[in-house]
Amino acid sequence: MTVSEQFARVIVDVPGLPELDYKVPAEQLLAVGDIVMVPVGRQQKAGIVTGLRPWTDIENKRLRSVSAVRFGIPPLSSEWLSLTRFASHYYCRTWGEVAIPALPTFFRKKPGVRYQSSLEKIRTLPAPEKNPAPAPALDLNPEQKDAIAAILTAKGFQTWLLFGVTGSGKTEIYLQVMRRVLEQSPQNQVLLLVPEINLTPQLEERVRSHFADESVVVLNSDLPDAQRARSWLAVHEGRARILVGTRMAALASFRQLALIVVDEEHDLSYKGGDGARYSARDLSVKRAQSLGIPVILGSATPSLESWSRARSGSYRLLTLSHKAVSKAEPPRLRLVDTRTLKKGEVLSEEVKEAIGATLQKHEQVLVYINRRGFSPVLMCPSCGWKSACPHCSAFMVFHKDTRSLVCHHCGYTQRVPARCPGCGAADILPVGIGTQRIEEEIGKLWPDARRLRIDRDNFKTKRSTDKAFQDVHEGKVDILIGTQMIAKGHDFKKVSLVVILNIDSQLISTDVRARERAFATMMQVSGRAGRAGLKSEVLVETAFPDDEIFTFLAHQDYQGFADQMLKIRKRDGAPPFVYQALLTSEQKELPQALELLRHAVEAGLEIQSKLPDGGGVAIYDPVPMTIVKVANRNRAQLLIEGRTHRELLQFLRAWVQVIGPCSGGALTLEVDPQRY
């Protein structure tokens with residue numbers, strides 16, 4: 001086959017479009033995995049070559065030509081192409097919808113005249129700001145040594161569930177295994193996934209100090225485009241051996257990936273809400289299986305899906321039951337019954353006394369409440385008016401520092417009205433509490449204490465967030481107030497008191513996973529206390545002190561809690577004992593959204609009628625979503641359940657062929673939804 005006879009099969013990021021055929025210009029020679037620019041309609045789009053065919057295999061000889069080729073970088077590997085193709089099948093998307101967004105923006109733009117010089121700049125990794133001193137060798141306890149030995153002596157693919165109480169030294173196990181894997185071959189590479197961007201700097205610093213002689217790069221959505229492209233290319237070309245990243249790093253292109261570590265594997269951040277909505281954790285397990293390499297899933301509170309697989313034996317369970325610091329003891333749990341609080345009281349007397357006593361010992365206090373702002377809603381006591389968002393079926397949150405009302409769903413902001421818009425009354429009162437109100441109350445009670453509030457309203461840039469956490473670590477903060485940003489992964493040495501507020505909203509939620517998330521949150525937040533051996537305590541304000549969940553929490557008994565939850569899930573026919581997909585519709589009016597889903601139901605029932613036993617799938621009625629309206633779009637949902645993954649996916653693939661593309665349009669399909 002001569003150059004002029006080449007035709008390329010190309011995938012592009014367009015919902016519903018399959019692989020497309022293009023002519024290859026005579027002066028170019030392509031390879032499978034090359035990134036190209038191709039005309040799609042009137043637009044130029046980035047594409048990836050997935051196959052090459054001779055002239056004789058093409059029926060339509062009047063095809064359009066490839067516009068440009070990304071010369072200068074190696075083609076994407078067959079392993080990476082297989083991974084993205086699998087993800088497209090599993091999550092019911094076109095191949096291009098998964099593969100193209102996984103590339104950095106730099107490689108998705110049409111190359112200009114300065115492309116080569118820009119590529120060389122991106123190819124150059126900057127020198128580290130400082131050369132970290134090699135990390136001191138730590139004394140490992142017997143459980144840590146046994147876990148490392150088990151992972152390293154096993155051959156080929158194996159999923160390891162590293163279950164350890166907070167502070168048990170899971171990270172040290174990651175680092176030790178990573179070192180041994182990198183020593184096995186100079187080409188070996190490691191992927192270390194973390195759930196949150198704000199956890200990346202702390203872990204990155206620890207990895208760099210442990211691997212002072214290795215090239216370590218970071219990949220997350222908070223980085224500038226050029227830096228993302230630099231990290232991606234360094235891993236793609238094998239110049240960087242360790243990649244620390246968030247969800248997007250699960251689809252990075254490696255030259256020789258030899259180990260995957262997923263820290264905090266239970267975290268919802270690994271299941272994305274945009275695009276293909278893939279699970280980085282699940283794809284990591286699949287990728288390790290395809291490559292025949294180990295994957296470590298670490299957590300103090302594993303997801304019930306992972307725990308169930310460990311109980312069944314498909315995952316190998318490694319348990320760390322002791323703190324890595326020998327003198328560290330689990331914190332004592334104390335419950336505060338909020339039914340005894342006075343009206344308008346923010347902090348109970350027990351909480352105030354505990355905070356005061358901790359400050360007197362010159363130790364740190366962490367106050368957790370997963371609600372931003374000063375108050376969740378403003379209300380008029382005269383007529384009952386509430387600060388509802390005009391664009392969403394949700395309330396706008398009162399932010400006292402800016403005297404504004406903010407919708408945390410659509411972002412709509414307005415000034416606080418001087419009088420009630422309903423009746424004109426002068427008194428509009430805040431109802432409920434958020435981080436700002438807690439910060440104000442603590443400032444009144446302990447004006448001399450050094451306070452710091454960390455949430456997404458207060459810290460919006462990586463640099464400022466990193467500096468804030470550094471101040472906590474250095475002991476420059478007495479009382480830390482925050483949301484999920486402070487709940488996990490941080491090794492605060494001087495925190496001896498943790499206060500947990502507003503957990504009841506999760507305990508009474510109808511979401512099937514709400515109690516699982518509530519227990520995980522309380523375990524994670526509790527784990528910030530006493531990590532360096534200080535005698536510690538956790539206070540939880542709740543109106544349900546008799547709830548059995550607190551008995552498990554008091555004993556740090558995740559195993560008992562998880563086993564009980566699995567029995568309940570099995571009895572109720574809930575995940576992980578059934579497999580689910582969620583079809584959602586957004587329209588200007590709610591009846592339109594529901595009607596669109598009803599048509600989808602009819603199409604699904606028609607498919608079912610042709611399958612034995614209905615294909616093992618149940619289709620539920622369309623219903624409005626919990627928050628119906630967001631940004632003036634009304635939303636409805638339709639739940640589909642299958643007895644097995646295979647039956648569910650067979651049905652979904654046939655269904656999508658009838659109802660059309662389910663992304664970026666009127667319908668969105670999510671496989672394995674985590675919220676509904």
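1. In this predicted model, the charged end of Lys286 is placed over the ring of Phe86, at 4.7 Å from the ring centre. A further case of a charge over a ring involves Arg247 and Tyr278: the charged end of Arg247 sits 3.7 Å from the centre of the Tyr278 ring.

2. Helix α1 covers residues 78–90. From its first C-alpha to its last, this helix of 13 residues reaches 18 Å, close to the 18 Å expected at 1.5 Å a residue. Its buried residues are Glu79, Trp80, Leu81, Leu83, Thr84, Ala87, Ser88 and Tyr90. The elements that cover them include β4 (43–53), α2, α8 (280–291), α18 (645–659) and β28 (667–671). Just after α1, Cys92 adopts a positive phi of about 55°.

3. The largest nonpolar core comprises 121 residues, and those with the most contacts inside it are Phe107, Leu583, Leu652 and Trp655. The element that gives the most to this core is helix α17 (residues 590–608), with seven residues. Apart from this core lies another, of 30 residues, which includes Ile151, Val190, Val216 and Leu259.

4. Which residues does Trp655 touch, leaving aside those up to four places away in sequence? They are Leu583, Ala600, Ala603, Gly604, Ile607, Leu638, Ile640 and Leu669. Leu583 is also listed with Trp655 among the residues that have the most contacts inside the largest core.

5. The structure holds 12 aromatic pairs. One of them joins Phe107 and Trp232 in a tilted arrangement, with 5.2 Å centre to centre and 45° between the planes. Phe107 lies in the loop between α2 (95–99) and α3 (115–123), whereas Trp232 belongs to helix α7 (residues 225–236), so this pair ties together parts that are 125 residues apart in sequence. Phe107 and Trp232 are both buried.

6. One aromatic cluster is formed by Phe163, Trp307, Phe519, Phe552, Tyr558 and Phe561. Gln559 counts as partly exposed because its relative accessibility is 31%, which falls between the 20% and 50% limits. Gln559 and Pro302 are 257 residues apart in sequence, yet their C-alpha atoms are 9.6 Å apart in space.

7. The count of salt bridges comes to 37. In one of these, the side chains of Asp563 and Arg311 meet at 2.9 Å, N to O. This pair links distant parts of the chain, with Asp563 in helix α16 (residues 558–572) and Arg311 in helix α9 (residues 304–312), 252 residues apart. Are these two partners buried or partly exposed? Asp563 counts as partly exposed, at 25% relative accessibility, and Arg311 counts as partly exposed at 43%.

8. Asp455 and Arg453 also meet in a salt bridge, at 3.0 Å, N to O, and both residues are buried. Salt bridges that share partners join Glu120, Arg123, Glu237 and Arg239 into one network. A further salt bridge brings together the side chains of Arg643 and Glu647, at 2.8 Å, N to O. Arg643 is partly exposed, with a relative accessible area of 44%.

9. Asp478 is found in the loop between α12 (462–473) and β21 (479–482). Is this residue buried or exposed? Asp478 has a relative accessible area of 17% and is therefore buried, since the limit for that class is under 20%. Not counting residues up to four places away in sequence, Asp478 touches Leu359, Glu363, Gln364, Val365, Ala449 and Arg450.

10. Val244 is located in strand β9 (residues 242–245). With a relative accessible area of 0%, Val244 is buried. Val244 and Lys121 are separated by 123 residues in sequence and by 21 Å in space, C-alpha to C-alpha.

How values were computed:
Residues numbered from 1 in each chain as written. Predicted model: local features only at pLDDT ≥ 70, side-chain atom pairs only at ≥ 80, totals over all residues. Heavy atoms only, no water. Core = buried A, V, L, I, M, F, W, Y, C linked by side-chain atoms within 4.5 Å. Buried < 20%, exposed > 50% of the residue type's maximum accessible area, 1.4 Å probe, protein only. Helix = DSSP H or I, 4+ residues; strand = E, 2+ residues; numbered from the N terminus. Contact = heavy atoms within 4.5 Å. Phe/Tyr/Trp six-rings, centres within 6.5 Å; stacked < 30°, edge-to-face > 60°. Lys NZ or Arg CZ within 6 Å of the ring centre and 35° of its normal. Expected span 1.5 Å × (residues − 1). Salt bridge = Lys/Arg side-chain N within 4 Å of Asp/Glu carboxyl O.
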